[in-house]
Amino acid sequence: MQQDEKQNVSRETLEGSVDMLDIARVAQDVEAREFAGMGSLKLVAPAKVNLYLNDDGYHEVSTTMHALMLHDVLRMKIIPGTGEAVKLTTRSFEGLAPLDVDPQDNIVVKAILKLAEAFGRTLGEDETMRVHLEKRIPVQAGLGGGSSDAAAALLGSAVLWGES
């Protein structure tokens with residue numbers, strides 16, 4: 001085999017490789033273990049589809065929505081302050097590509113920060129909101145995944161802060 005052929009075989013092997021350690025983490029639910037026990041929440045953020053939508057540009061949007069079985073999952077808890085206001089990790093399932101957005105630009109983080117501000121809470125030094133987002137709703141598919149995730153984060157934050 002010539003050198004060029006060896007490099008192509010090696011490149012193909014790397015591109016088609018499977019991270020068995022990552023598969024084991026998912027199978028054993030390792031990421032979720034951090035959120036086991038008292039003081040943690042698991043929230044389901046369902047996808048939705050617009051059955052009817054009317055917007056003429058001058059009036060409020062009128063819509064009829066229907067929730068779907070497809071959903072994302074948020075796991076949340078308050079941890080001692082780490083210097084970060086919100087510590088967000090994500091994992092994509094169902095063959096979805098990993099989220100390509102900086103955690104601080106994620107709508108979940110933005111929602112939590114706005115609610116903390118409204119409640120007069122200071123996040124970062126004293127406490128950090130720890131969130132793990134399991135994505136199953138495709139991004140930018142018109143299924144309301146980001147909005148649903150943000151709504152679940154608002155609810156979870158309010159409950160954890162005793163503001164429900």
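This is a predicted model: local features need pLDDT of at least 70, side-chain atom pairs count only at pLDDT 80 or more; totals for chains, interfaces and linings use all residues.
What percentage of the 164 residues in the protein do buried residues make up? Buried residues make up 29% of them, where buried means under 20% relative accessible area, exposed means over 50% and partly exposed lies in between, with a 1.4 Å probe and protein chains only.

Before I go on, a word on conventions. Residues are numbered from 1 along each chain as its sequence is written, and side-chain values use heavy atoms, with hydrogens and water left out.

Let me start with the overall layout. The protein holds five helices and four strands, and read from the N terminus the order of elements is α-α-α-β-β-β-α-β-α; here helices (H or I, at least four residues) and strands (E, at least two) are DSSP runs, numbered from the N terminus. If we take the contacts with a separation of 6 or more, residues 24 or more positions apart account for 77% of them, contact being defined as heavy atoms within 4.5 Å.

Helix 4 covers residues 107-119 and helix 5 covers residues 145-160, and the two pack at an angle of about 35° with their axes 8 Å apart. The axes are lines fitted to C-alpha atoms, for helices over the stretch in contact, and the angles run from 0 to 180 degrees between N-to-C directions. The crossing of helix 4 past helix 5 is right-handed, a term used if the near helix is turned clockwise from the far one by less than a right angle, with left-handed kept for the anticlockwise case.

Which residues meet there? On the side of helix 4 they are I107, V108, A111, I112, L115 and F119, and on the side of helix 5 they are G146, D149, A150, A153, L154, S157 and A158. Sorted by class, this contact has ten nonpolar, two polar and one charged residues, with Ala, Val, Leu, Ile, Met, Phe, Trp, Tyr, Cys and Pro counted as nonpolar, Asp, Glu, Lys and Arg as charged, and the others, Gly among them, as polar. As a reminder on helix geometry, an α-helix has 3.6 residues a turn, so residues three or four places apart point the same way.

Turning to helix 5 by itself, its 16 residues reach 22 Å from the first C-alpha to the last, close to the 22 Å expected at 1.5 Å a residue, the expected span being 1.5 Å times one less than the number of residues. The buried residues of helix 5 include G145, A152, G156 and L160. S157, which is placed in helix 5, counts as buried at 0% relative accessibility, and, leaving aside neighbours within four places in sequence, S157 is in contact with M76, I112, L115 and M129. S148 also lies in helix 5 and is buried at a relative accessible area of 13%; with the neighbours within four places again left aside, S148 is in contact with A45 and P46. L155, by contrast, sits in helix 5 but counts as exposed at 51% relative accessibility, and its C-alpha lies 9.8 Å from that of L115, at 40 residues apart in sequence.

Next, the aromatic rings. The structure holds one aromatic pair: the rings of F119 and W161 have centres 6.2 Å apart and planes at 85°, so the pair is edge-to-face. For the cut-offs, rings of Phe, Tyr and Trp (its six-membered ring) pair if their centres lie within 6.5 Å, and planes under 30 degrees apart count as stacked, over 60 as edge-to-face and the rest as tilted. Since F119 lies in helix 4 and W161 in the segment after helix 5, the pair ties together parts that are 42 residues apart in sequence. F119 counts as partly exposed at 32% relative accessibility, whereas W161 counts as buried at 7%.

Finally, the backbone. Most residues other than glycine have a negative phi. Where do the positive values fall here? E94, in the loop between strand 3 (86-92) and helix 4, has a phi near 60° and counts as exposed at 60% relative accessibility. Q140, in the loop between strand 4 (127-135) and helix 5, has a positive phi of about 55° although it is not a glycine, and Q140 is exposed with a relative accessible area of 81%. Just after helix 5, G162 takes a positive phi of about 70°.
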